[in-house]
Amino acid sequence: MAHADLISTETLTDPQPLVIAGHEFRSRLMVGTGKYASNAQMIDAIDASGAEVVTVAVRRVDLDRSKDEGILHHLDPDHFFLLANTAGCYTASEAIRYARLARAAGFNEWVKLEVIGDQQTLLPDTAGLLEATKTLVGEGFKVLAYTNDDLITALKLEEAGAVAVMPLASPIGSGLGMLNPYAIRTIKQRLSVPVIVDAGVGTASDACVVMEQGVDGILMNTGIAAAKDPVRMAAAMKLAVESGRNAYLAGRMPRREVAVPSSPTTGMLGQ
Amino acid sequence: MSESAAAVTEVASGEVVLVVNGIDRRIPAGWTLADYLASLKLDARTVVIERNGDILRDRSSFASLELLPDDVLEIVHFVGGG
């Protein structure tokens, strides 16, 4: 059988690994590090997810805490690719400040840029996002821009020099899955830079359907961390992302609104 | 420190008042940034510091950087996030 070699391996080989800004990554699944019950659970979940890129946030050190709770005490920066975000920033200048602080930590010049426009929906302020992208690209940052599922904004972000565009599947932390597959597909078809769907994936089937649109990857946090068993969900997400990718590469059968028998219509008894 | 600020804040001699992460902090006069981090049991390699709006990129300078009255420090690090 032609595919015997492929099927015998645990995972089918992806003919085109994820490459962003010239950097090749070993997984199309990127995960956040927030909201876990414990650091041990977070580490186990990240391991189960197989993710290489893990996002982190920049916050003030709590000077009155007896023990430093920085995430670098738990995550080995040699084993993961740390992607700092600017979550919680509501203006371009604030996001730029956070990005600069993150770069000064000394790991890389990459940033998952968020400029939030509304507290209730956490939808992006696309004007601020574009402004911050231009400034940071000018300073040598590799900008991965968290945005909505609007094609025009995505095109402008690419033009501004973003190395990846990250449209949402649905609002951050909502777990609603992909609300507009048409918009996500259109963005993927029109952009040259990688499209990483960020936010809104609630369970494994959501992740699978997102990957079936042909996007380059998914970033998720709450979908794993808020599961009853985050480690098991992380394992499910790993398989879902791989399955969705393989289904996309395999090319699905055409949809038909009539039945087509799978068994021969000839050779029936009495014919 | 300006005279008006000195009038508002009674500072014991031998102490300076800084604003660190938004809160007034008193430290002995003459302390360097490295001294202050050591007092907080912070590893300079795991934090990023902004002083008066400027990011301090050269950690080797911390040992010679004396903290002055009314310095505004932001000490940040990476935490869990999406």
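Colleague: How many residues of chain B are in contact with chain A?

Modeller: In this predicted model, 19 residues of chain B are in contact with 26 residues of chain A. Two residues are in contact if their C-beta atoms, placed from the backbone, lie within 7 Å.

Colleague: Which strand gives the most to that side of chain B?

Modeller: β5(B) does, with 7 residues. β3 and β5 (72–80) of chain B each supply at least two residues. Helices (H or I, at least four residues) and strands (E, at least two) are DSSP runs, numbered from the N terminus. By class, the side of chain B that touches chain A has 10 nonpolar, 6 polar and 3 charged residues. Ala, Val, Leu, Ile, Met, Phe, Trp, Tyr, Cys and Pro count as nonpolar, Asp, Glu, Lys and Arg as charged, and the others, Gly among them, as polar.

Colleague: What does the model score, and where is confidence lowest in chain B?

Modeller: The scores are ipTM 0.86 and pTM 0.89. Chain B averages a pLDDT of 88, and 85% of the residues score at least 70; pLDDT is the predictor's confidence in each residue, from 0 to 100. In chain B, confidence is lowest in helix α1 (residues 3–8), at a mean of 48, and highest in strand β3 (residues 48–51), at 97. Over residues 1–8 of chain B the pLDDT is below 50, and this stretch has 4 contacts in the model beyond near neighbours in sequence.

Colleague: And the numbering and thresholds?

Modeller: Residues are numbered from 1 along each chain as its sequence is written, while chains are lettered from A and ligands numbered from 1 in the order in which they are written. Local features need pLDDT of at least 70 and side-chain atom pairs count only at pLDDT 80 or more, whereas totals for chains, interfaces and linings use all residues.

Colleague: Over to chain A. At what angle do α2 and α9 pack?

Modeller: Helix α2 (residues 39–49) and helix α9 (residues 230–250) of chain A pack at an angle of about 20°, with their axes 7 Å apart. Axes are lines fitted to C-alpha atoms, for helices over the stretch in contact, and angles run from 0 to 180 degrees between N-to-C directions. α2(A) and α9(A) are therefore roughly parallel to each other (angles under 35 degrees; over 145 is roughly antiparallel, 65 to 115 roughly perpendicular and the rest oblique). Residues making the contact include Asp44(A) and Ala48(A) of α2(A) and Ala234(A) and Lys238(A) of α9(A).

Colleague: How does α7 lie against α9?

Modeller: The axes of helix α7 (residues 204–212) of chain A and α9(A) come within 7 Å and cross at roughly 30°. That makes α7(A) roughly parallel to α9(A). By class, their contact has 12 nonpolar, 3 polar and 2 charged residues.

Colleague: Is Leu136(A) buried or exposed?

Modeller: Leu136(A) is buried, with 26 other C-beta atoms within 10 Å. A residue is buried if 20 or more other C-beta atoms lie within 10 Å of its own, exposed if 12 or fewer, and partly exposed in between, with C-beta atoms placed from the backbone. Leu136(A) lies in helix α4 of chain A. Leaving aside neighbours within four places in sequence, its contacts include Ile96(A), Val111(A) and Phe141(A).

Colleague: Which residues of α5 are buried?

Modeller: In helix α5 (residues 151–159) of chain A, they are Thr153(A), Ala154(A), Lys156(A), Leu157(A) and Glu158(A). The elements they pack against include α4 (126–138) and β7 (142–147) of chain A. Just after α5(A), Gly161(A) takes a positive phi of about 110°.
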